[in-house]
2 protein chains.
Amino acid sequence: MIKLYYAPGSSALASHIALEDAGADYSAVRISFAAEEQKKPPYLVINPKGRVPAMATDRGILTETPAILAYIAQSYPQARLAPLDDPFAFAEVQAFNCYICATLHVAHAHRMRGHRWADDEAAWASMQRKVPQSVGACYDLIERDMLKGPFVMGEHYTICDPYLFTVAQWIEADGVDPARIPKVVGHRKRMSERPSVRKVLAQEHA
Amino acid sequence: MIKLYYAPGSSALASHIALEDAGADYSAVRISFAAEEQKKPPYLVINPKGRVPAMATDRGILTETPAILAYIAQSYPQARLAPLDDPFAFAEVQAFNCYICATLHVAHAHRMRGHRWADDEAAWASMQRKVPQSVGACYDLIERDMLKGPFVMGEHYTICDPYLFTVAQWIEADGVDPARIPKVVGHRKRMSERPSVRKVLAQEHA
């Protein structure tokens, strides 16, 4: 059975929602960032990167949200979470998720995790100041060019939707004015009303 | 026909090598970073992110290296560049490529592209100072846990190999001592002797 390691408020939410969407038989294991469990030996055996999510399967551990999401889509094809038979459309899904992972999430991480890329507090403060601009630029691009509507890829719900919903939890805290990205905020609202999302959020915040 | 937009010395090298490995019918279009062509309107029509690589196909444009690499593997299955019939093994390939994209390449980018995440020179200098450590930590993890050998995924060459080779071009400039990562450096050397790699490097540096 699949076991998903997550922390509330983290990007693991995307994989958690996708497992629920897929109808997977899984359990979710909470890792406490407050207690820094992600950096301690019991968890580092599971994921030496010291991050969440990590997903234990019968075959071994998987990490990296875009990889986990594509795995869920491929392993539960009846849930139709990605265009599995169309390499170009599948690549568009992956390109969106890579952009969230490597550009938007990275820009966001400069608000709280500046220590990954610099050692002094002045640099961390400088990074924090730019987050509204750098994260905002990502959302401007998503709003204008990437979010087709009603779902990210258009008419069909895919693994892009829970990922956008996940990072969109951080819009206000990142200092981005939600009024400037109405399509993104509308997507977030519709997503929040889906039963799978409500169930997962209730579990993560219980 | 496929058209790959690249800049010499950029991460586009990975997709370029993979196209050659696949035996694809493609052309490569050089974008000059020195002339900042990637930020000018003719290119922004192709890729509004203002980055390389971008790959034009009959269906449209694709971006993001992990997505492009998986697309090449799926579109040229006879080249056997990924375990396409095994979702878990395919996810391992994708997880490796996501780590290169979102962690290693991002750490590397703090040496030259600090302006993405801060506005003052002191912060840029602080970021640059940490690159040997942050990039080095990525290579330590790859050396210890991820590069199975002789290829990244073990006995079979995959789309992970040109990607690791691509970022490994920057090891010395990033201030990482190659002596501490002999498996990575051995992989780089073996890759550099492959005909597809030699051909692409000769073309990019002509």
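Visitor: Strand S1 of chain B, residues 2–6: mostly covered or mostly open?
Guide: Mostly covered, since four of the five residues in S1(B) are buried. Buried means under 20% relative accessible area, exposed means over 50%, and partly exposed is in between, with a 1.4 Å probe and protein chains only. This is a predicted model, where local features need pLDDT of at least 70, side-chain atom pairs count only at pLDDT 80 or more, and totals for chains, interfaces and linings use all residues. Residues are numbered from 1 along each chain as its sequence is written, chains are lettered from A and ligands numbered from 1 in the order written, and side-chain values use heavy atoms, leaving out hydrogens and water.

Visitor: What's a strand here, and which one does S1(B) join?
Guide: Strands are DSSP runs of E with at least two residues, helices are runs of H or I with at least four, and both are numbered from the N terminus. S1(B) is joined by five bridges to strand S2 of chain B, residues 26–30, and the two run parallel. Strands pair if DSSP finds at least two bridges between them.

Visitor: Which residue stands opposite Lys3(B)?
Guide: That's Ser27(B), in S2(B).

Visitor: And Gln38(B), where is that?
Guide: Gln38(B) sits in the loop between S2 and helix H2 (41–46) of chain B. Its relative accessibility is 6%, so Gln38(B) counts as buried.

Visitor: What does Gln38(B) touch?
Guide: Setting aside residues up to four places away in sequence, Gln38(B) touches Ile31(B), Ser32(B), Phe33(B), Tyr43(B), Leu44(B) and Gly50(B). Contact means heavy atoms within 4.5 Å.

Visitor: Switching to chain A: how many helices and strands?
Guide: Chain A has eight helices and four strands. Along the sequence they come as β-α-β-α-β-β-α-α-α-α-α-α.

Visitor: How much of chain A is buried?
Guide: Buried residues are 57% of its 206. Also, of the contacts between residues at least 6 apart in sequence, 65% join residues at least 24 apart.

Visitor: What about Pro8(A), buried or partly exposed?
Guide: Partly exposed, because the relative accessibility of Pro8(A) is 34%. Pro8(A) lies in the loop between strand S1 (2–6) and helix H1 (12–22) of chain A.

Visitor: Which residues does Pro8(A) contact?
Guide: Beyond neighbours within four places in sequence, Pro8(A) is in contact with Arg30(A), Ile31(A), Glu204(A) and His205(A).
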